[in-house]
Every structure is written in structure tokens, then in C-alpha cells.
Amino acid sequence: MVSISELICICYFVFGLSFGQVVQITTPVDVGEKGNCTCGGFPSSTIDGTTEPLLSQAPGIGVKCDDSGDGICKSLCVALATAAEARGPEILCARLKEANELQLSAFYKICDRPWTYAGISAKGALCCENGNVKVCPSVENFTASPDKKPE
């Protein structure tokens, strides 16, 4: 269960992210009992142990290195991914510069555990050119063909 102070920090972070603010939150971490929660964006909902995230964010929330901490971190990362959905494409393209049909998926990790899929992926493909969002060829092909109907 998330404490009131952690919930306030989470809300502060989510609202800061939504408005493009850089938010630094520090929470004391008990050595051995707690660890960091990190959220990451990967180009697929399945990864191997060597895949690195395209972007990652450590909100600075200390969580227990057990199943309860795992659940808190997952919820936090899903909330962050959902809150960032509106401005996400612009932020990603500014960082990545180039992308073609990228289907970003949210992952999280705590302590020394591996990255775990958070159960949320982008609704559509992302394409970037020179740091700007552009219409993906899959969308161009779909709209150019009058025979295709939305699914």
C-alpha cells in the first residue's frame, strides 16, 4: 500500500511530467530493505535480458524489494505512461530524433530485478523525422486505401 507522502510525491511527479517540468523527488531508502523504482519505454512488449530501454525515468520513490514494492512500482509506471500519453510523441521524437513505426511499451523494475512489462503499450505507431513527429507510412497506407475499413 502506498503511504500518503508517497502518493503526494507521485502526484507531484505526474503533474510535473504532464506540464514538462523537471521534478526531482528524493525519498530516503533503507539499505537492504528498499530500492528504486524505475520506469522504462521499450520498442516491444517482449524483451530479453540485454535489451536497454529507449528512455527511462527513476521517479525517486523507494519501494520494498518484494511483491508489494513490485505492485507499487508497476502502478506508478502505468500512471506515468498514461499521464504522458498526450505529449509523449513530441517528447519521444525530440529525444530519439528518428523513429519508424515505433510501438512503445511501458516496463518497470525494482531493485535488482529484471525489467517487467507493465501491461500498457502505445495505441499506435510513432514515426519521427529530425526530432519531429511525422505521419507513419502505415497510417498513410491506411488512409490512402478506400477499401480498408477501421477495425
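## About the model

The structure is a predicted model, in which local features need pLDDT of at least 70 and side-chain atom pairs count only at pLDDT 80 or more, while totals for chains, interfaces and linings use all residues. Residues are numbered from 1 along each chain as its sequence is written, and side-chain values use heavy atoms, with hydrogens and water left out.

## The overall picture

Let us start with the whole chain. The protein has four helices and eight strands; helices (H or I, at least four residues) and strands (E, at least two) are DSSP runs, numbered from the N terminus. Read from the N terminus on, the order of elements is α-β-β-β-α-α-β-β-β-β-β-α.

Of the 151 residues in the protein, 30% are buried. Here buried means under 20% relative accessible area, exposed means over 50%, and partly exposed is in between (1.4 Å probe, protein chains only). The accessible surface comes to about 9400 Å², and carbon and sulfur atoms supply 55% of that surface; the areas come from the Shrake-Rupley method with a 1.4 Å probe, and for residues only the protein chains shown count as cover. Among contacts with a separation of 6 or more, 67% are between residues 24 or more positions apart, where contact means heavy atoms within 4.5 Å.

## An aromatic cluster

A pair of aromatic rings is described by the distance of the centres and the angle of the planes. Three aromatic pairs turn up in the whole structure. One of them joins Phe42 and Trp115 edge-to-face, with 5.2 Å centre to centre and 70 degrees between the planes. Phe42 lies in strand S1 and Trp115 in the loop between strand S5 (105–110) and strand S6 (116–121), so this pair ties together parts that are 73 residues apart in sequence. Phe42 is buried, at a relative accessible area of 0%, and Trp115 is buried too, at 18%.

The rings of Phe107 and Tyr117 have centres 5.5 Å apart and planes at 55 degrees, so this pair is tilted. Phe107 sits in strand S5 and Tyr117 in strand S6, ten residues apart. Phe107 is buried, with a relative accessible area of 3%, whereas Tyr117 is partly exposed, with 31%. Phe42, Phe107, Trp115 and Tyr117 form one aromatic cluster. As for the cut-offs, rings of Phe, Tyr and Trp (its six-membered ring) pair if their centres lie within 6.5 Å; planes under 30 degrees apart count as stacked, over 60 as edge-to-face and the rest as tilted.

## Strand S5 and its partners

How many of the six residues of S5 are buried? Five are, so S5 is largely enclosed by the rest of the structure. S5 pairs with S1 in the antiparallel sense over six bridges, and two strands count as paired if DSSP finds at least two bridges between them. Tyr108 in S5 is the bridge partner of Cys39.

S5 and S6 also run antiparallel, joined by three bridges, and here Tyr108 has Thr116 in S6 as its bridge partner. The hairpin of S5 and S6 has five residues between the strands, and Cys111 takes a positive phi near 50 degrees.

## Around Thr51

Thr51 is found in the loop between strand S1 (34–42) and strand S2 (55–57). Thr51 is partly exposed, with a relative accessible area of 24%. Its side chain makes a polar contact of 2.9 Å with the side chain of Asp48. A polar contact is a pair of N or O atoms within 3.5 Å; within protein, one must be able to donate a hydrogen and the other to accept it, and residues adjacent in sequence count only if both atoms are side-chain atoms.
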